[in-house]
Amino acid sequence: MLSVFWAVLRRDLLLAFRQRGVLVHHLLFFVLVVALFPLGTGADAAVLVTVSPALIWMAVLLAALLSLQRLFRPDYEDGTLEQYVLSPEPLALIALAKVVAYWLASGLVFVLASPLLVLLLGVPAHAVPVIMASLLLGTPTLGLVGAIGTALTLSLPRAGLLLSLLIFPLYVPVLIFGAGAMRAAISGLPSAGALYLLGALLALGITTAPFAIAAALKISLE
């Protein structure tokens, strides 16, 4: 089964990096959302530092929504997804490999770009490791939850709005604890509790979401 996991992961990563323009587009969107906020509001430095946790997480969420549609859509359109469903290999394992590849190609980029953006917002340098840790724990959970909604709406035309309505409520805990960890780090308070909760959400997502994704994909293909 591990060979199947690595094969699907490698295939999706190769396809993602062949479409580097799409990845750059998502990264630029993330950067622009954060960079244009100070210009649009004219906020002073103290206000920017205060709102930076919510701003970073909302930018990540919006950028992730742009890329979620491509998680299963190409395989659905060319028939590869049907072959995955009909294969004797566990569909949940294949789904997990696709989500991991999706996160490595998009979510990890947000984590690596976050230090520069938060420093531009005036966030103290000592808070950067906690900010990166919160994104490192939270963005995979966003990908797993988003994959469930994407799989459920795969066969529906123009499902973008419905997808947003389905997954936004499920994103709330990640946003609360992720922004809470950032806010605590900026204020010099302990942030371990929020990070532990993000880790627990990630562990729960890894162990349960692949099975939900597999069931949703089968429903969409029926």
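Leu162 lies in helix α8, where helices (H or I, at least four residues) and strands (E, at least two) are DSSP runs numbered from the N terminus. The structure is a predicted model, in which local features need pLDDT of at least 70 and side-chain atom pairs count only at pLDDT 80 or more, while totals for chains, interfaces and linings use all residues. Residues are numbered from 1 along each chain as its sequence is written, and side-chain values use heavy atoms, with hydrogens and water left out.

- Leu162 is partly exposed, with a relative accessible area of 37%; buried means under 20% relative accessible area, exposed over 50%, and partly exposed in between (1.4 Å probe, protein chains only).
- Leu162 and Leu152 are separated by ten residues in sequence and by 9.9 Å in space, C-alpha to C-alpha.
- Leu93 belongs to helix α6 and is buried, its relative accessible area being 18%.
- Between Leu93 and Phe5 there are 88 residues in sequence, yet the C-alpha atoms are 6.4 Å apart in space.
- Leu55 is found in helix α3 and counts as buried at 10% relative accessibility.
- Leu55 and Ala212 are 157 residues apart in sequence, and their C-alpha atoms are 30 Å apart in space.

**Helix α1**

- Helix α1 covers residues 2-18, has 17 residues and reaches 24 Å from its first C-alpha to its last, close to the 24 Å expected at 1.5 Å a residue; the expected span is 1.5 Å times one less than the number of residues.
- The buried residues of α1 are Val4, Phe5, Val8, Leu9, Asp12, Leu13 and Ala16.
- Viewed down the axis of α1, these buried residues fall within an arc of 160°, so they line one face of the helix; the arc is that of the directions from the helix axis to the C-beta atoms.
- Ser3, Trp6, Arg10 and Arg18 are exposed on the other side of α1.
- An α-helix has 3.6 residues a turn, so residues three or four places apart point the same way.

**Cavities**

- A search of the whole structure finds two cavities of 30 Å³ or more. On a 1 Å grid over the protein atoms alone, a cavity is a set of points where a 1.4 Å probe fits but cannot get out, and a pocket is an open set with protein on both sides within 12 Å along at least five of seven lines; lining residues have an atom within 4 Å of a point.
- The largest cavity has a volume of about 70 Å³, a volume being the space filled by probe spheres set on the grid points, which are joined across faces, edges and corners.
- Helices α3 (45-68), α6 (91-120) and α7 (128-152) each supply at least two residues of the lining of the largest cavity, and α6 gives the most, with five residues.
- Among the residues that line the largest cavity are Val60, Tyr102, Trp103, Phe110, Leu142 and Tyr171.
- The lining of the largest cavity divides into seven nonpolar, five polar and no charged residues; Ala, Val, Leu, Ile, Met, Phe, Trp, Tyr, Cys and Pro count as nonpolar, Asp, Glu, Lys and Arg as charged, and the others, Gly among them, as polar.
- The second largest cavity, of about 30 Å³, is lined by Gln69, Arg73, Thr150, Thr153 and Leu154.

**Pockets**

- The largest pocket holds about 400 Å³ of space.
- The largest pocket is lined by 20 residues, of which Asp12, Leu15, Ala16, Gln19 and Arg70 lie nearest its centre.
- Helices α1, α2 (20-41), α4 (73-78) and α6 each supply at least two residues of the lining of the largest pocket.
- By class, the lining of the largest pocket has ten nonpolar, four polar and six charged residues.
- The second largest pocket holds about 180 Å³ of space, and its lining has nine nonpolar, three polar and no charged residues.
- Helices α7, α8 (160-187) and α9 (192-221) each supply at least two residues of the lining of the second largest pocket, with α9 giving the most, at five residues.
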